[in-house]
Amino acid sequence: MAGQENCVRVTRLAKKRAAEVMVQHLQQPNKKRVVLAEIQNLGTNQIEDKVFDSMPPGPKGKRKVKRSLSEKAKVLDVDANLDDDPQMCSAYASDIYDYLHHMEIEKKRRPLPNYLEKVQKDVTANMRAILVDWLVEVAEEYKLLSDTLYLTVSYIDRFLSVNVIPRQRLQLLGVSSMLIAAKYEEIKPPHVKDFSYITANTFTKKDVVKMEASVLQSLKFEMGNPTTKTFLRRFARVAQEDYKNPDLQLEFLSYYLAELSLLDYNCVKFLPSLVAAAVIFLSRFTLQPKSHPWNLALQSCSGYKGADLKDCVLIIHDLQLSRRGSNLAAVRGKYKLHKFKCVSKLSSPSDIPDCFF
């Protein structure tokens with residue numbers, strides 16, 4: 001009995017202490033929660049002050065952080081102008097795109113810039129161009145996202161960088177790569193039988209699945225990597241920062257030129273972010289040939305000066321003027337449609353002034 005009384009007494013004391021703690025907690029003033037919108041509206045100086053206040057004392061570390069923040073100040077100002085679009089994630093855009101820039105240069109995500117000369121024996125640049133042009137039609141046939149098309153071409157180039165294949169199996173590589181990309185990007189990707197059918201049943205479902213496995217093994221299942229379209233979304237918005245209303249013609253023209261770049265083997269050597277920057281440069285030049293197509297805002301967010309873009313711009317410019325790939329009609333036909341404001345019918349001056357670079 002005495003033991004039971006002691007247990008009851010202990011239980012009562014525990015409950016009393018818990019009640020006292022609860023009362024004290026309720027009597028404390030409520031802490032003010034930090035609202036995300038308030039964080040976004042902080043200026044660069046306020047951000048620096050908060051970082052410095054949270055740092056341990058020591059002048060060396062403080063100078064190092066202040067220098068890195070000042071280098072990003074212009075980019076933060078650019079991102080602040082994108083607050084009206086929640087999909088642009090303006091509060092985190094700078095960090096996100098820094099991460100994407102680091103990802104795009106990883107060796108495992110890059111094709112060899114000269115794989116046709118170093119690896120392939122039976123595949124040529126013209127064959128690759130014809131394949132990509134046909135895949136543009138396939139993507140339109142099945143209403144696939146443009147992101148799927150870009151990933152498809154990336155998978156093809158990466159596979160051809162390490163595997164020798166005969167020209168007869170190039171089409172099989174194309175549809176199998178698109179099957180993987182569609183599974184990665186699309187909500188409802190086409191079935192294996194659809195990709196077999198689109199080849200006029202030249203390849204069976206078993207052939208497509210077997211090649212799919214080979215591609216995945218070559219990629220080491222590293223399927224997610226930034227493409228030209230990834231960077232183009234941001235650069236196109238920054239290019240319109242001084243416009244009162246979104247310029248759909250500029251956006252569609254940049255998408256058109258970016259898809260043209262997929263056709264040319266000479267663009268494989270350029271990073272996706274550089275191709276995206278070159279596309280914006282050429283789009284602005286096409287629409288306003290007398291104005292300088294590059295500015296500080298674009299340079300800050302892309303990390304490229306006009307001179308860095310020259311080689312890539314000239315290649316895409318030749319594609320635009322049909323001085324390259326004139327026999328490839330799928331991309332040109334796609335962007336002749338009114339829903340894309342017929343941007344493939346636009347032309348630019350035959351020469352770009354050297355002073356623009």
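Which residues have the most contacts inside the largest nonpolar core? I looked this up in a predicted model. I found Leu173 and Ile316, in a core of 92 residues. I note as background that nonpolar side chains tend to be buried together in soluble globular proteins.

**Entry: Ile316**

I followed Ile316 next and set aside its neighbours within four places in sequence. I then listed its contacts as Leu257, Ser261, Cys267, Val275, Ala278, Val279 and Leu282.

**Entry: cysteines**

How many disulfides does the structure hold? I counted zero. I checked Cys312, which is in no disulfide. The nearest cysteine sulfur to that of Cys312 belongs to Cys267, and I read the distance as 4.8 Å. A disulfide needs the two sulfur atoms within 2.5 Å.

Is Cys312 buried or exposed? I read a relative accessibility of 1%, so Cys312 counts as buried. For Cys355 I read 61%, so that residue counts as exposed. The cut-offs I used are under 20% for buried and over 50% for exposed.

**Entry: H8 and H11**

I turned to helix H8, residues 146–160, and helix H11, residues 205–219. Their axes are 10 Å apart, and I noted a packing angle of about 75 degrees. The two helices are therefore roughly perpendicular to each other.

Which residues of H8 meet H11? I wrote down Tyr155, Arg158 and Phe159. On the H11 side I listed Met211, Ser214, Val215, Ser218 and Leu219. I sorted the residues of this contact into five nonpolar, two polar and one charged.

Conventions. Residues numbered from 1 in each chain as written. Predicted model: local features only at pLDDT ≥ 70, side-chain atom pairs only at ≥ 80, totals over all residues. Heavy atoms only, no water. Axes fitted to C-alpha atoms, helices over the stretch in contact; angles between N-to-C directions. Helix = DSSP H or I, 4+ residues; strand = E, 2+ residues; numbered from the N terminus. Parallel < 35°, antiparallel > 145°, perpendicular 65-115°, else oblique. Contact = heavy atoms within 4.5 Å. Nonpolar A, V, L, I, M, F, W, Y, C, P; charged D, E, K, R; others polar. Core = buried A, V, L, I, M, F, W, Y, C linked by side-chain atoms within 4.5 Å. Buried < 20%, exposed > 50% of the residue type's maximum accessible area, 1.4 Å probe, protein only.
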